[in-house]
Amino acid sequence: MGSHPRLAHRDDVAGARFLLQTGPAMPQRGVPSPANGLPARVRTESPAPWWLGTHGGAGESTLAGFVPSSAAAGHAWPLPRDVGGTQPVVLVARTSHRGLESARLAATQWAAGDVLGVELLGLVLMADAPGRLPRPLRDLARHVAGGVPRVWSVPWVEAWRSGGDAVPHALAVLRRDLATLLPVREA
């Protein structure tokens, strides 16, 4: 396996690619609620998806700038205004220990059923530094990845530090995968 968990794909007979889930698709019974999870706010907007940074500096605003019709959730679960509605959400975290632990906590909060009306699509792990993750962080990233439906990894992009708008291949894959996962919205 590479330096981060990867989104799993498989090829069908005609060569088309389909997304495979790498973790649970819905909250699970028996998962205890964490004591200090992220706050939640009812939102009237309906971007597709919401980027939920699990900690400050996670990269939710960066992703919102690169993915049309998406928005940063401001570090709070975006709950739907209407009962029975859903909000598509992707968690975002850096690959530092702090970032991975905050992603684990958010995934636990979702798995416990604490955020009704959220359709968790997965987790984006944003590289916190160039190069390969040290083994303890790789292991923690794999552990966290097992608690969410899908995981995407975005490598370190040096150009972003100085305001550049380079688009790594991983971001193009993420956008393509989201287009597959999200229904087409009426304008």
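This is a predicted model: local features need pLDDT of at least 70, side-chain atom pairs count only at pLDDT 80 or more; totals for chains, interfaces and linings use all residues.
Select His75 to begin. At 28% relative accessibility, it falls between those limits and therefore counts as partly exposed. His75 lies in the loop between strand 5 and strand 6, and its phi is positive, at about 60°, although it is not a glycine.

From there, move to His55, which has His75 among its contacts. His55 sits in the loop between strand 4 and helix 1 (60-66) and is buried, with a relative accessible area of 8%. Show its side chain: it reaches the backbone nitrogen of Arg94 at 3.0 Å. Other contacts of His55 include Ala93, Arg98 and Ser102.

Next, colour the largest nonpolar core, which has 28 residues. Trp77, Leu91 and Leu123 have the most contacts inside it. Among the elements giving two or more residues are strand 7 (87-94), strand 8 (118-126) and helix 3 (135-145), while helix 2 gives the most, with six residues. Centre on Leu91 and look for contacts including Trp77, Ala103, Leu123 and Val148. A second, separate core of 20 residues includes Ala58, Val90, Val92 and Val157.

Two backbone stops remain. Most residues other than glycine have a negative phi, and most peptide bonds are trans. Select Ser69, in the loop between helix 1 and strand 5 (71-72): its phi is positive, about 65°, and at 54% relative accessibility it counts as exposed. Finish at Ala48 and Pro49, joined by a cis peptide bond with omega about 0°; Pro49 is in the loop between strand 3 (40-43) and strand 4.

Technical notes: Residues are numbered from 1 along each chain as its sequence is written. Side-chain values use heavy atoms; hydrogens and water are left out. A nonpolar core is a set of buried Ala, Val, Leu, Ile, Met, Phe, Trp, Tyr and Cys residues joined through side-chain atoms within 4.5 Å. Buried means under 20% relative accessible area, exposed over 50%, partly exposed in between (1.4 Å probe, protein chains only). Helices (H or I, at least four residues) and strands (E, at least two) are DSSP runs, numbered from the N terminus. Contact means heavy atoms within 4.5 Å. A polar contact is a pair of N or O atoms within 3.5 Å; within protein, one must be able to donate a hydrogen and the other to accept it, and residues adjacent in sequence count only if both atoms are side-chain atoms. Lists of a residue's contacts leave out its neighbours within four places in sequence.
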